[in-house]
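Dear colleague,

I am passing the structure below on to you, together with some notes on what turned up when I went through it. Please read the notes with the coordinates open beside them.

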Amino acid sequence: MGRGTTKKITASIKNPGRKAATASTSTLEVQREEARQSLLKAKGTRSQYSGHLDRGRRFLRDVVEQKRKARMDSTSARSLAPECDSDEDIEAYSHAFDPIPNRYSAPALELFLVQKGLTEGRGISTTWGVFSAFKDLWWNVKGETFRGPYHCNEATGVVTGNPALSAAVQDMMEILKNNEGAEGGMRNHASAMTIEDMRKLMSWSYGQCPDELMSQIYQCLQTGGVLDIADVVLAQRHLMVRASQQLDLLSGRGQNFELTKIKCRDIIWNCQGRPPYGIPFDLVSLLNRKGWQRKGETDGALEGHEYEVYAQPHTPEICMFTHLRAWVRFLEEVLLRRPLQSDEFVFPRVGTNGIVYPTDELSYDAVMKMLTWICTEAVLASRYTSHCFRRGGARYRFMFAPLGQCWSLATIRWWGAWAEGESVDTLIRYLLDELTRYEKNHRDALCPIPREAERSFNGDHILTAPVTAAETRELKMSFDRQLDSLSGKVGAVLDKLALASVSPSSSLSPPPSLIIPSSQTPSPANSQSIPPSVSTTPGLEPNPVEVAEPPLASSLPAIPPAHARNTHGGAGKAAPIPGVGIPDLPRGPDAWRTAVKQWEDPAASIGGKALKDWPEDWYSGAMRTITGVKRNMRKVIALEFDRMERDESAFLVAYPEASRGAKPLFDVIQRKREERGEVIGRKSKNGHPKDRATLATTPSSGTLS
């Protein structure tokens, strides 16, 4: 259903007092069905249900085909399909997943659950989705026939109630649940992100992409030098992952599919806090929260969507204030070379070659790929997904934040976007159950200074109690261990200095453990790319403020880089021209039309010019491998379309490959151009394929008779 229809339905619901003439029965029935499709289930849920139904029907076709083959084999028909002794039974079985169920619907759904849960080893979330999809299919059939408890009359085969509620299906769902948590079974649950793992991630990231590299990039821009594409891509990956993931963990707001929808207009920079302190912050608005709806049309505002983000100098590894600014500055000054527009994404899609598509949203698959990459490279023991930040952020703020900085349940519920009327079961599972397990855990009983977590909330009495003699002794022993470690490092440096005095040609470098990244983290706070904004939030002053950056990098332990850039002094590959790119073509029969449009329409490409009008340096030289190949494909297709006088019917008749996509069409056009002598195809060292075929069939003149 179109977006306009949804708006009409919503408008009708929000204006109950509006008088109108009585609509016809057919109009009311159409509107009823449209409302059921758009408002009964969320769009994402309907899409998932549709996928489960399609896969179930494909499975059913395969089963029916097996039964028909077994029917043809007289020796095995009775052993393989005893319930389908006749062709009529097999035909009825093929309709088991129709909207109107029959006597075979429940057994077929049970087998499909076995296929997914036991044969393919899918998790309980997948099998529960399959169950819910088929339950919803039969539940929403017209009338009340298939909404109650399931019953099938064995004599007549008449079904009443929902087949998903049959005893066989319910028992199979219970089996799958038990199998998921069976002793010795594989559990693939994602862990909640911890503050310790965030420190490890950030330490590794700063080791790979230190502040020195960022300083070199910005200095190269100021002097008009050529950027190395390897350095640009490396910095882009690290700055983006720092900003997106720490934003999640800091707030507990969590789900990346919401955060990737943030646009430039959703952030107000350099706001000033309430007097008399005037603490600076950035105001972030989330308008795509899962399950949130608009609260009326009084002033156009959305309730509970604005977040004041302050600097976190004591926990730099989760400082959204710093990392979001660093990423936006890099995006504007290096990747785009212009300010971000209001309708462009803060986390846009970035190609592997560094080309930015600011109007394209970063996909969920790209977020998961980025998360898997950094967790693998940082050698984290736990498995993390995008949801781990939501759970980890809430748990940290409730249990593990420093004394006096833990949040109340009401605060966590607001920041975590649990709606007012939503069940608290999820929140209880996230926090209170986790706290109970933590307080009942006695694994540190042998520790000289145990936690004693069961004596107070999260063991906070340890932090407020006076220092004991045992703690003083342990502290002194800890200092001794640190001094011993430092003495060994200093000794290694002195040994190198002694060797250097004997051999002046030897090169000196401090040990990797002493390399500490600088504390000057690039931030857009004072840059022109993010101007001071006037905040409309009550109590906020519109005056711009100068923001002191928290000492982020210096607070994190450093890990030496895993590679050395430009170690041989050779020139690296130049970075792509900012603001120039060609969007990917869609798949399917409309790809060639998009190619023609990109060749002729300035708005269809990135750069403000049609591809036919591009300057040569935009697709040649260093840009040849980035935009040259893509531009040539559009050019060949568009010129061939012009050669056929722009007649779509004649073009499709001459090139039926156009229905398969742009690449097959391009290959066919190139072959025909070679036949017409317009281009010369590439030749291998053995010559053109046609020449090789000719030589193979022609006898050599030197052959002996």
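R337 is partly exposed, since its relative accessible area is 41%, and in this predicted model its backbone has a positive phi of about 60 degrees although the residue is not a glycine. Most residues other than glycine have a negative phi. R337 is placed in the loop between α13 (320-336) and β6 (348-350). A positive phi of about 60 degrees also occurs at E645, again not a glycine, and this residue is found in the loop between α22 (624-643) and α23 (648-654). E645 is exposed, with a relative accessible area of 71%.

Turning to the aromatic residues, the count comes to 16 aromatic pairs. One of them joins W128 and F131, whose ring centres are 5.3 Å apart with the planes at 40 degrees, so this pair is tilted. Both residues belong to helix α7 (residues 124-139), where they are three residues apart, about one turn of the helix.

W327 and F347 are both buried. Beyond these pairs, one aromatic cluster is formed by F59, F97, F112, F134 and W138.

The charged end of R329 sits over the ring of Y218, at 3.9 Å from its centre, while K67 lies over the face of Y93, 4.8 Å from the ring centre.

Finally, there is a surface feature to look at, and the question is which residues form the nonpolar patch. The patch consists of L483, L486, V490, L494 and L497, which together have about 460 Å² of accessible area. One of these residues, L494, lies in helix α20 (residues 469-502).

Conventions:
Residues numbered from 1 in each chain as written. Predicted model: local features only at pLDDT ≥ 70, side-chain atom pairs only at ≥ 80, totals over all residues. Heavy atoms only, no water. Patch = residues over 30% accessible without salt bridge, like charges linked within 9 Å, V, L, I, M, F, W, Y side chains within 5 Å. Areas by Shrake-Rupley, 256 points an atom, 1.4 Å probe, with all protein chains shown as cover. Salt bridge = Lys/Arg side-chain N within 4 Å of Asp/Glu carboxyl O. Helix = DSSP H or I, 4+ residues; strand = E, 2+ residues; numbered from the N terminus. Buried < 20%, exposed > 50% of the residue type's maximum accessible area, 1.4 Å probe, protein only. Phe/Tyr/Trp six-rings, centres within 6.5 Å; stacked < 30°, edge-to-face > 60°. Lys NZ or Arg CZ within 6 Å of the ring centre and 35° of its normal.
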